[in-house]
Amino acid sequence: MKQNSKSIIFILMMMLVYVLLARLGIYHTGGIILFPILSAPLAVYLIKKQLTQGVDFLFNIAIIIGIYLLTNSVQSVLIYIISVSIPAYAAAFFYKKEVPLPNMIMYVSISVAGAIFIYLGVMKSLGIDYEAQFILLVDEIKGVYFNVLETIARPASTENILEQSIMKELITAITDTIKKVYPALILTAGVFLSSIQVILLNIVLRSKGTKLLSLKQLFNFKLSKIAVLILFIAMIIPLSRNQVNDITSILSLNVLFFLQNLMQVMGIISIIVLLRRATVHNAFKVLGYMILFILLIMPTNILMMFGCFDTLFNYRKAQIIV
């Protein structure tokens, strides 16, 4: 009974904090990026809770009502659901199922990204089009670059005008691509933030004495070989522009962007694991890490190639397949 009283007091305090955060203006679109931190207290409670099943739902409903009464904003309520409730419940569910950490990151990422896409659709129906705002922002950034180029090119010469024209074409191509991969950017951000959430929760729960799966699992997983096949197909489709429609082209571009980033992460992991396992002098390992850092800051596809080879041949002998 005493333990239940402590749990009730804890969740009442947590409910008060979540409601008061609305007064501070935390629950706006930019607040979604804080979900690894915002969802942590609720996720910890859901994992360690000792109250009657379903009580947490009642508290969540109370929080939602409190946020709405305090802000009179549907948007604030939706941001709370996306940045706190869904990530916390998803993480707690998969922790209790003892799902491997890499798979947990994937499932939580899908949950969060799906919720964000639904949120964007709801807000668009209410007259707020975030994708249009994103495109406008990209155009404004492109305009800034154009202004800088024109300033640098003065006094004008034939050579400067030609270089300026080439740079403008390159910037236009890059910005046009960024506009088209808006969904992939959201999904990539979801994976990144979900990774932080899972790692943060693992650290917090371990500090409280909870027995959890080791973080070393994050270096002991590989992607399915199908991912390489999909990446290869996504690379080929843009080369056949006359044979595919715009929707297929944009879809392949988003898949390509997301899988390229994912394969680069796999490449980084594979190199780190190989360096840690290598029986060579520490000086060579340091050199290897320096080369890895150079590859990170240089716009090359070498890391992606490492990731693809690791996925196909599993030379790390990873046991967890995502």
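A residue counts as exposed when its relative accessible area is over 50%, as buried when that area is under 20%, and as partly exposed in between. By that rule E98, at 62% relative accessibility, counts as exposed. The structure described here is a predicted model, and its protein chain has 13 helices and two strands. Of the 322 residues in the chain, 38% are buried, and the accessible surface comes to about 18700 Å², of which 70% belongs to carbon and sulfur atoms. Among contacts between residues at least 6 apart in sequence, 77% join residues at least 24 apart.

**Loop residues with positive phi**

- Most residues other than glycine have a negative phi.
- E98, found in the loop between α5 and α6, has a positive phi near 55° although the residue is not a glycine.
- N72 also has a positive phi, of about 55°, without being a glycine; this residue is found in the loop between α4 and α5, and its relative accessibility of 60% makes it count as exposed.

**The nonpolar cores**

- The largest nonpolar core has 50 residues, and those with the most contacts inside this core are Y18, Y27, L42, Y80, Y95, M104 and Y119.
- At least two residues of this core are supplied by each of α1 (2–23), α2 (35–38), α3 (40–48), α4 (55–71), α5 (74–96), α6 (101–125) and α9 (182–207), and α5 gives the most, with eleven residues.
- Y18, when residues up to four places away in sequence are not counted, touches Y27, L38, S39, P41, L42, I63, I67, Y80 and V84.
- In soluble globular proteins, nonpolar side chains tend to be buried together.

**Aromatic pairs**

- A search of the whole structure finds eight aromatic pairs; in one of these, the rings of Y27 and Y80 have their centres 5.9 Å apart and their planes at 85°, so the pair is edge-to-face.
- Because Y27 lies in the loop between α1 and α2 while Y80 lies in helix α5, this pair ties together parts that are 53 residues apart in sequence.
- Y27 is buried, with a relative accessible area of 4%, and Y80 is buried as well, with a relative accessible area of 0%.
- F93 and F94 also pair edge-to-face, because their ring centres are 5.1 Å apart and their planes stand at 80°.
- F93 is partly exposed, with a relative accessible area of 45%, whereas F94, at 15% relative accessibility, counts as buried.
- One aromatic cluster is formed by Y18, Y27 and Y80.

**Helix α5 and residue I86**

- I86 lies in helix α5 and counts as partly exposed, at 29% relative accessibility.
- Leaving aside neighbours within four places in sequence, I86 is in contact with I81, S111 and A115.
- I86 and S111 are 25 residues apart in sequence, and their C-alpha atoms are 7.2 Å apart in space.

**Helix α10 and its cover**

- Helix α10 (residues 225–236) has twelve residues, which at 1.5 Å a residue should span 16 Å; its end C-alpha atoms are 17 Å apart, which agrees with that expectation.
- A227, V228, L231 and A234 are buried in α10, and the buried residues fall within an arc of 125° when seen down the helix axis, so they line one face of the helix.
- An α-helix has 3.6 residues a turn, so residues three or four places apart point the same way.
- The face of α10 turned away from its buried side carries the exposed residues I226 and L229.
- The cover over the buried residues of α10 includes α11 (246–277) and α13 (302–313).

**Helix α13 and residue M305**

- M305 lies in helix α13 and, at 43% relative accessibility, counts as partly exposed.
- M305 and Q264 are 41 residues apart along the chain, and their C-alpha atoms are separated by 7.7 Å.

How values were computed. Residues numbered from 1 in each chain as written. Heavy atoms only, no water. Helix = DSSP H or I, 4+ residues; strand = E, 2+ residues; numbered from the N terminus. Buried < 20%, exposed > 50% of the residue type's maximum accessible area, 1.4 Å probe, protein only. Contact = heavy atoms within 4.5 Å. Areas by Shrake-Rupley, 256 points an atom, 1.4 Å probe, with all protein chains shown as cover. Expected span 1.5 Å × (residues − 1). Arc of directions from axis to C-beta. Core = buried A, V, L, I, M, F, W, Y, C linked by side-chain atoms within 4.5 Å. Phe/Tyr/Trp six-rings, centres within 6.5 Å; stacked < 30°, edge-to-face > 60°.
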